[in-house]
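Hi,

Here is the structure I promised to send over. Have a look first, and then read my notes below.

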Amino acid sequence: MNQERLLQVLVEPKVTEKGSRAEIDRQYMFRVLNDATKPEIKAAVESLFKVEVEAVTTSIVRARTRRFKNRMGTQPAWKKAFVKLKDGFELDFTGVE
């Protein structure tokens with residue numbers, strides 16, 4: 001896979017209550033590009049963080065309508081990926097440059 005593409009696949013880690021299940025089942029949540037595939041996400045996490053990925057699950061977060069004062073707007077749809085690591089691996093977000 002193209003190394004440039006792999007660096008762009010992961011947009012940001014999502015740190016929420018649901019997304020912070022790392023200590024329970026070694027699962028981390030990321031916001032990824034809308035056209036990213038599961039093999040690309042797996043390769044990107046493995047190359048960036050030097051870990052082994054067991055499984056990748058993706059879902060689309062639908063667009064939402066928001067109102068600010070009297071104006072209507074929408075938040076765009078985005079894709080999130082749940083990445084489960086193999087035993088003995090964990091992610092350290094502070095070590096990434």
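The protein has three helices and six strands, taken as DSSP runs numbered from the N terminus (H or I over at least four residues for helices, E over at least two for strands). Along the sequence they come in the pattern α-β-α-β-α-β-β-β-β. Keep in mind that this is a predicted model: local features need pLDDT of at least 70, side-chain atom pairs count only at pLDDT 80 or more, and totals for chains, interfaces and linings use all residues. Residues are numbered from 1 along each chain as its sequence is written, and side-chain values use heavy atoms, with hydrogens and water left out.

The sheet

Four strands form an open sheet in the order β1-β2-β6-β3, with antiparallel pairing; two strands count as paired if DSSP finds at least two bridges between them. β1 (10–13) and β3 (53–61) are the edge strands, each with a single partner, so one side of each has no neighbour in the sheet. From one strand to the next, the twist averages 30 degrees (axes are lines fitted to C-alpha atoms, for helices over the stretch in contact, and angles run from 0 to 180 degrees between N-to-C directions).

β6 (residues 78–85) pairs with β3 over eight antiparallel bridges, and six bridges join β6 to β2, again antiparallel. Val83 in β6 has Tyr28 opposite and also Val56 opposite, while Lys79 in β6 faces Ile60. β6 is mostly covered, with seven of its eight residues buried. Buried here means under 20% relative accessible area, exposed means over 50%, and partly exposed is in between (1.4 Å probe, protein chains only). Over the protein, buried residues make up 28% of the 97.

The helix on the sheet

What does the end-to-end span of α3 look like? At 1.5 Å a residue, its twelve residues should span 16 Å, and the end C-alpha atoms are 16 Å apart, which agrees; the expected span is 1.5 Å times one less than the number of residues. The buried residues of α3 are Glu40, Ile41, Ala44, Val45 and Phe49. They cover an arc of only 130 degrees around the axis, which puts them on the same side of α3 (the arc is that of the directions from the helix axis to the C-beta atoms). These buried residues pack against α1, β1, β2, β3 and β6, with contact meaning heavy atoms within 4.5 Å. Just after α3, Lys50 takes a positive phi of about 55 degrees.

The core

The largest nonpolar core has 18 residues, and those with the most contacts inside it are Leu10, Phe30, Ile41 and Val45. A core is a set of buried Ala, Val, Leu, Ile, Met, Phe, Trp, Tyr and Cys residues joined through side-chain atoms within 4.5 Å. Two or more residues come from each of α1 (3–9), β2, α3, β3 and β6. α3 gives the most, with four residues.

Two loops to look at

Most residues other than glycine have a negative phi. Arg26, in the loop between α2 (22–25) and β2, has a positive phi near 55 degrees, and counts as partly exposed at 22% relative accessibility. Lys69, in the loop between β4 (64–68) and β5 (71–75), also has a positive phi, of about 55 degrees. Lys69 is exposed, with a relative accessible area of 69%.

Cheers
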